[in-house]
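Work through the exercises below with the model open. Try each task before reading its solution.

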Amino acid sequence: MGKLLSGRASSLGLATATVVVTALTIWLTLGLYEQREGDQRRQDIMAAARQSALNFTSLDYRHYDRDSANVLAGATGDFKKQFAAQTDQLTELVAQNKSVSEGQILEAGIVRSGANSARVLVVADSKVTNTAVPQGEARTYRLQLDLVHRDGRWLTSDVEFVG
């Protein structure tokens, strides 16, 4: 009878160990999946914010229709409405001044993010030429972008210049 109890104890111990190892494997796999999903979400937010800031700081009076369309393509909400409402006036202004701005993103970082919204700070440089400064002038922008997740994309809902 001692062998029978010893065999049952071994089987029970093996079964318990198998259950524990399986549960631990599932828990670790889910943790890795959530981490990868979170990393991908952060990368998507950063890519959208960088592109939006680049579009916002890059314009050429010779292609302003295309440049403003790029800004609007990554925009939503009040920001999109305000930018669209000013497009005609801005088109005229950049054409009169022969404005060209070549943006470059220097740094960006997520301030906060949730499932469907994020705030990103972006530092961008831009070389600006126009009729007043034909040789060009360097400008640095610090932008705060609010983004929302809509239809599988991160879109800019607000842009503020911050000090």
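This is a predicted model: local features need pLDDT of at least 70, side-chain atom pairs count only at pLDDT 80 or more; totals for chains, interfaces and linings use all residues.

**Exercise 1. Find what share of the 163 residues is buried, and describe the accessible surface.**

Solution. Buried means under 20% relative accessible area. Buried residues account for 30% of the 163. The accessible surface is about 10,700 Å². Carbon and sulfur atoms hold 55% of that surface.

**Exercise 2. Classify aspartate 60 as buried or exposed, and list its contacts beyond four places in sequence.**

Solution. Locate the residue: aspartate 60 sits in strand 1, residues 59–60. Its relative accessible area is 11%. The cut-off for buried is under 20%, so aspartate 60 is buried. Now set aside neighbours within four places in sequence. Aspartate 60 then touches Asp67, Ser99 and Val100.

**Exercise 3. Characterise the largest pocket: its space, its lining and the residue classes there.**

Solution. The largest pocket holds about 480 Å³ of space. Its lining has 24 residues. Nearest the centre are Phe56, Leu59, Leu90, Val94 and Tyr141. Next, assign the lining to elements. Helix 1 (2–57), helix 2 (64–73), helix 3 (77–97) and strand 4 (137–150) each give at least two residues. Helix 3 gives the largest share, eight residues. Finally, sort by class: 13 nonpolar, nine polar and two charged.

**Exercise 4. Count the salt bridges, then examine the pairs formed by aspartate 39, arginine 66 and aspartate 146.**

Solution. Side chains of opposite charge can pair when their charged atoms come close. The cut-off is a nitrogen-to-oxygen distance within 4 Å. The count is five salt bridges.

- Aspartate 39 pairs with arginine 42 at 2.4 Å, N to O. Both lie in helix 1, three residues apart, about one turn of the helix. Aspartate 39 is partly exposed at 31%, and arginine 42 is partly exposed at 39%.
- Arginine 66 pairs with aspartate 67, with closest N and O atoms 3.0 Å apart. Arginine 66 is partly exposed at 46%, whereas aspartate 67 is buried at 8%.
- Aspartate 146 pairs with arginine 119 at 2.7 Å, N to O. This pair links distant parts of the chain, strand 4 and strand 3 (residues 117–129), 27 residues apart. Aspartate 146 is buried at 13%, and arginine 119 is partly exposed at 23%.

Notes
Residues are numbered from 1 along each chain as its sequence is written. Side-chain values use heavy atoms; hydrogens and water are left out. Buried means under 20% relative accessible area, exposed over 50%, partly exposed in between (1.4 Å probe, protein chains only). Accessible areas come from the Shrake-Rupley method with a 1.4 Å probe; for residues, only the protein chains shown count as cover. Helices (H or I, at least four residues) and strands (E, at least two) are DSSP runs, numbered from the N terminus. Contact means heavy atoms within 4.5 Å. On a 1 Å grid over the protein atoms alone, a cavity is a set of points where a 1.4 Å probe fits but cannot get out, and a pocket is an open set with protein on both sides within 12 Å along at least five of seven lines; lining residues have an atom within 4 Å of a point. Grid points are joined across faces, edges and corners, and a volume is the space filled by probe spheres set on the points. Ala, Val, Leu, Ile, Met, Phe, Trp, Tyr, Cys and Pro count as nonpolar, Asp, Glu, Lys and Arg as charged, and the others, Gly among them, as polar. A salt bridge is a side-chain nitrogen of Lys or Arg within 4 Å of a carboxyl oxygen of Asp or Glu.
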